[in-house]
Amino acid sequence: MESSEEEDDFPTIESVTPQSKIDSSYQSKFEKGIRKICFELLDLKDAVENLCGNTRAKHMAFLRLSEEVVEMEHELNELRKQISGQGILVQDLMSGVCRELEEWTSANAGFIEAYQNPQKLDMKNPLQSEAEDHRSMFLENIDVLLVEHKVEAALELIGAEEKSNPQLKGIGDPSSTETSSFKSAFLKRKLILESQLVEIAEQPSVGTTELKEVLLGLVKLGKGPLAHQLLLKAYASRLQRSIENFIPLCPCYPGTYPATLSNLLFSTISLTARDAVQMFGDNPLYSSRIVQWAECEVETYIRLVKENAPSSETVLALRVACICVQASLNHCSALESQGIKLSELQLVLLQPYIEEVLELNFRRARKVVLDLAGSDESLPLSPRLASPLSIFSASSNNVLVDSGMRFIYNVKDIVEQLTRLTIVHFGGSTLIRISKLFDNYVDALIKALPSPSEDDSLTELKEAIPYRAETDSQQLALLGTAFTVADELLPMVVSRIWSVLNEIMEAESALSKKIVPTTSNLDFKEWRRQIQRSLDKLRDHFCRQYVLNFIYSRDGETRLDAEIYLNGEGNDLVWDSDPLPSLPFQALFGKLQQLATVAGDVLLGKEKIQKVLLARLTETVVIWLSDEHEFWGVLEDKSARLQSIGLQQLILDMHFTVEIARFAGYPSRHVQQIASSIIARAIKTFSARGIEPQSALPEDEWFVEAAKAAINKLLLGASGSDTSEIDEDHILIDDEEVSSDSDNSPSSLSSEDSFDSFASATAADLESPIYLTDSEG
């Protein structure tokens, strides 16, 4: 179908050349041309690639050549410098040789003249000519070695020459002028070699091995003292450089830099001493010089520690000082094996520094402790130290408990900084400062107690005191805090100091000699007595103000007046079936019982403190009565109407007071002594007025039994007009019944359940030395 359509569209061509014929006729020509062009293009491509490769290779070669040219220029410059240096050296050698030649010519003029005159030379001794040749050769060789600074070879040459020619060392007299001139030339070259060795030794960059070789060379030249001096100078210079490099790092290590400085110093001293012994032997003169040098360096060390330390009143400064003591004294002990003793000097230099830091730290602690209204920051105290004081928080203001905790915390903080050797040498002075700080703390507590002479209208003084213990519970809590700090907490805090000091004392007693020179000796018992005196001061102030507030009313009138022993009426007390003490003493009994009840709650578990306070209160009453001039002035007045019943009443009151002490279970010996003196004085006073004691007074047993019966009656709460008056004076009567089988012996009285707060401790507990009064002690 397609062929028929094509035949319709185009006219028929009768002669058409076949395609195969066309291909066959033209194929050969075109194909040959195209193939030729392709081959030419391929050749051109290869030529271009070869050209590019050659260009790249030539470029790289050019770059390498450029680099080689630059290196060659540098080498040429270095070569020029070397040539210039060699030229300078040659010029120096030429000038030096010329100068030496001139000197040698002037020194050996005769020798030259002899050579210039052959006839004279032939006449000389051949041996002398050979010696002169040797000398000339020696001088020439030594000059060359000195110019080239070959000190080792020069030393060997000089040593060999001195060995072969003893006259050069000064042994014997020079035999001729030639020998004398040779000796002077030899000594001159020896000085040159010595100066070269000194120059090498003084170079900062010289190594340890090279330094030792140079110093040994000086020793060979007979310059031992100079070599030793250079050794000290070299090690001192190294030490100085090490310290200068470390000093900027001290602020980064504020707690340990003294130990590092100590290690730098004493290791250098030890190394110097060891090297000196190796090179110079055990020479006392050299050892003395090393000790003198070490002493100067130790002084510098102390100064550097002080200059780089924190503020002296801080705990960190105390820690730095203690580390300085520990590290330096340990190193001093190690140096003693090398014969260098620096411990005493170290202590002499350290003592003012340590004492100053301790004093400023305790001043800081004093400011913190005495500030009763200080900051409310919580102190990191362990439960073992905080719990004994926390029991007083319920009975007093927290200010009181906080002050006790601040005291213990500051003392503990100071003690913890002390190292062992610091305790050994400065522990005694530290304990003395602790006792003084506690005494200042007690003075602050005394100011918080009311004073008997205070006037309510003087409000300005009261406002100046941040804390005031007004009630009995607050005052007892204050006393309990002080006693707890002194008796329980303070011994725990300072136990570390005492343990170290006890070890030293035991070691000294075993060896029967002093091991270390301590700066202060303090006995443990003496220190406890100092603490006890401070406690006694606080206790006595409390008892005095408490008794005086009881004796004197707010109007200034005394409740314990001598008039009560002058206005006696009726029969003698002997005929009374139930004699009672006077109302003030009955009131005293009630007051003490009331205080004992409060003390049982506030001072729970601290029966010893309760006994001490109540005993001292009773003792204070009789002491006041014994020393009250107004009281005795009334009785001793001739116009006074004295009667036997007044004397009986006074004696019964004294026995009643003694029985109160016995009843409570605390020591009554001192109370009994004072009461006996009061009774003796009263008997003397009444006897002077015509009253016979033998007829007016019954036996002592009667007063004792009457006093015991009065205590029983007051405890049983017997009714009567007398007791109603006592109630107005705040007498506390216990309503509990006593057992029916109780008798009048002191032991049965002390077993009363109503008075457990008085008698809860045994008498043996009260004999502890820390709680005895001064008179009882």
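A residue is called buried under 20% relative accessible area, exposed over 50%, and partly exposed in between (1.4 Å probe, protein chains only). By that scale Lys412, at 22% relative accessibility, counts as partly exposed, and Glu416, with a relative accessible area of 42%, is partly exposed as well. Before going further, note that this is a predicted model, where local features need pLDDT of at least 70 and side-chain atom pairs count only at pLDDT 80 or more, while totals for chains, interfaces and linings use all residues. Residues are numbered from 1 along each chain as its sequence is written, and side-chain values use heavy atoms, with hydrogens and water left out.

Now back to that pair. A salt bridge here is a side-chain nitrogen of Lys or Arg within 4 Å of a carboxyl oxygen of Asp or Glu. Glu416 and Lys412 form one at 2.6 Å, N to O. Both sit in helix α15 (residues 398-416), 4 residues apart, about one turn of the helix; helices are DSSP runs (H or I, at least four residues), numbered from the N terminus.

Which parts of the chain does the pair of Lys212 and Asp275 link? Their side chains meet in a salt bridge of 3.6 Å, N to O. This pair joins distant parts of the chain, 63 residues apart: Lys212 belongs to helix α8 (residues 208-220) and Asp275 to helix α10 (residues 257-280). Lys212 is partly exposed at 27% relative accessibility, whereas Asp275 is buried at 3%. Elsewhere, Asp536, Arg539, Asp540, Arg616 and Glu619 are linked in a network of salt bridges. The count of salt bridges comes to 21.

Next, the helix packing. Two packed helices are described by the angle between their axes and the distance between the axes. Axes are lines fitted to C-alpha atoms, for helices over the stretch in contact, and angles run from 0 to 180 degrees between N-to-C directions. Helix α12 (residues 315-335) and helix α16 (residues 420-448) pack at about 100 degrees, their axes 8 Å apart. The two are therefore roughly perpendicular, a term covering 65 to 115 degrees. With contact meaning heavy atoms within 4.5 Å, the α12 residues involved include Cys322 and Leu329, and those of α16 include Arg420 and Phe426.

Finally, look at helix α2 (residues 19-107), where Leu41 is found. Leu41 is exposed, with a relative accessible area of 52%.

Definitions and conventions: Angles under 35 degrees count as roughly parallel, over 145 as roughly antiparallel, 65 to 115 as roughly perpendicular and the rest as oblique.
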